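Subject: A structure for you to explore

Hi there,

Here is the structure I promised to pass on. Have a look around it first, then read on for what turned up.

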Amino acid sequence: MIDLLFFGRLGDLAAEVDRSVTCVDGRATPLAIREWLATEHQSLAKELSEPQVLVSVNKMIVKWDQPLFDGDELAFLPPVTGG
Amino acid sequence: MPLNDDDFMRYSRHLLMGDIGELGQQRLSDARVLIVGLGGLGCPVALYLVAAGVGQIGLCDPDRVDKTNLQRQVLYRTDDCGSLKVGCAKQALEALNPGVTISAFARPIDKEILADGYHLVVDCTDNLAARQIINDACYAQRIPFVSAAAVGWEGQLVAFDFGRFRSLCFNCIIDHNSAEPMMNCANSGVVGPVLGIMGSMQATTVIRLLLGYFKQHGEMTRYDGKRGQWLSMHCSRNQQCPTCGAASV
Ligand SMILES: [Zn+2]
């Protein structure tokens with residue numbers, strides 16, 4: 001199982017999303033999970049496709065093609081750029 | 001300059017602390033810090049650093065005070081609307097602490113301002129282009145870079161101690177070719193005290209860096225004020241980073 005975390009305002013958009021997903025070790029990536037989310041949660045997937053959205057796996061910022069393994073915690077972080 | 005009698009009174013709450021004390025206060029007083037952006041983050045950063053006695057402070061912002069700023073930009077008064085932010089800020093900050101030398105630059109950040117011998121730069125801007133210029137200049141000059149941002153209920157902090165660490169920079173985390181996201185403070189709003197929290201974290205980080213207590217090079221902290229949650233994450237160097245990657249050396 002991979003645990004999903006939607007930080008900040010993404011949490012509002014992901015209210016209906018199951019927070020754990022089953023997938024084959026090393027085959028899933030944050031990008032693949034975003035594409036999978038797009039099939040049922042379009043407004044969330046649209047926000048996740050904004051520029052400067054970050055993904056972290058086990059509290060480490062990674063690239064969208066990072067392979068995911070059982071027990072990983074995948075967090076999506078919305079862009080924060082204002083000042 | 002050594003501390004005088006007035007300084008001993010003014011900074012007594014620092015001097016009481018064993019890990020700041022007279023030596024630490026002297027370090028703050030000898031420091032030269034540039035604050036880029038005098039909006040919701042820059043206001044608390046400037047207030048706290050000036051109050052703390054950071055000896056020389058540069059302020060950089062091309063904008064004028066607007067009524068819509070007053071909900072969160074705590075340096076300005078209603079009468080300041082229409083005046084340059086750096087001018088109003090300089091006046092308010094000098095009234096707070098006349099012992100601090102303040103320079104004002106009423107123009108967008110550029111390489112010339114960044115090359116003026118600062119020991120540290122605080123990024124309180126609202127756009128990637130400015131962050132990029134500051135990141136590159138700080139990396140090249142081996143000086144620390146303390147960056148924050150906020151929108152809505154959320155804030156982000158990340159700091160780099162380029163004097164000690166040559167691997168990993170802002171450019172590694174947010175690619176310099178990225179477009180700006182749709183959501184910004186002007187079109188989506190921002191909660192004033194969230195900027196206060198992030199600005200206070202920046203000011204604390206500056207003081208830690210100046211005193212030698214900072215160890216979280218390139219660690220990112222996120223705050224969600226609506227749900228009261230914090231999240232800290234590590235980042236890693238992008239080998240292809242044009243600023244600090246293998247190709248740049
Ligand atoms: Zn880099």
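Let's begin with a term you will need further down: a crossing of two helices counts as right-handed if the near helix is turned clockwise from the far one by less than a right angle, and as left-handed if the turn is anticlockwise. Please also keep in mind that this is a predicted model.

**Two helices in chain B**

Which way does α4(B) cross α10(B)? The crossing is right-handed. In general, two packed helices are described by the angle between their axes and the distance between those axes. Here α4(B) and α10(B), the latter spanning residues 192–211, meet at an angle of about 40 degrees, and their axes are 8 Å apart. On the α4(B) side, the contact is made by Pro44(B), Val45(B), Tyr48(B), Leu49(B) and Ala52(B). Their counterparts in α10(B) include Leu195(B), Gly199(B), Ala203(B) and Ile207(B). Sorted by class, this contact has 9 nonpolar and 4 polar residues, with no charged ones.

**The sheet of chain B**

Chain B also has an open sheet of 8 strands, ordered β3-β2-β1-β4-β5-β6-β7-β8, with mixed pairing. At its edges are β3 (101–105) and β8 (229–233) of chain B, each pairing on one side only. Ignoring direction, neighbouring strands in this sheet are turned by 15 degrees against each other on average. For one pair to look at, take β4 (residues 120–123) and β5 (residues 145–151) of chain B, which run parallel and share 3 bridges. Within that pair, Asp123(B) has Ser147(B) in β5(B) as its bridge partner.

The helix α4 (residues 42–52) of chain B comes back here: it packs on the sheet, touching β1, β2, β3 and β4 of chain B, and its direction makes about 165 degrees with that of β1(B). Helix α5 (residues 85–96) of chain B lies across β2 and β3 of chain B, at about 175 degrees to β3(B).

**The sheet of chain A**

Chain A has an open sheet of 5 strands in the order β2-β1-β5-β3-β4, again with mixed pairing.

Enjoy exploring!

How values were computed. Residues numbered from 1 in each chain as written. Chains lettered and ligands numbered in written order. Predicted model: local features only at pLDDT ≥ 70, side-chain atom pairs only at ≥ 80, totals over all residues. Heavy atoms only, no water. Pairing = 2+ DSSP bridges. Helix = DSSP H or I, 4+ residues; strand = E, 2+ residues; numbered from the N terminus. Axes fitted to C-alpha atoms, helices over the stretch in contact; angles between N-to-C directions. Contact = heavy atoms within 4.5 Å. Nonpolar A, V, L, I, M, F, W, Y, C, P; charged D, E, K, R; others polar.
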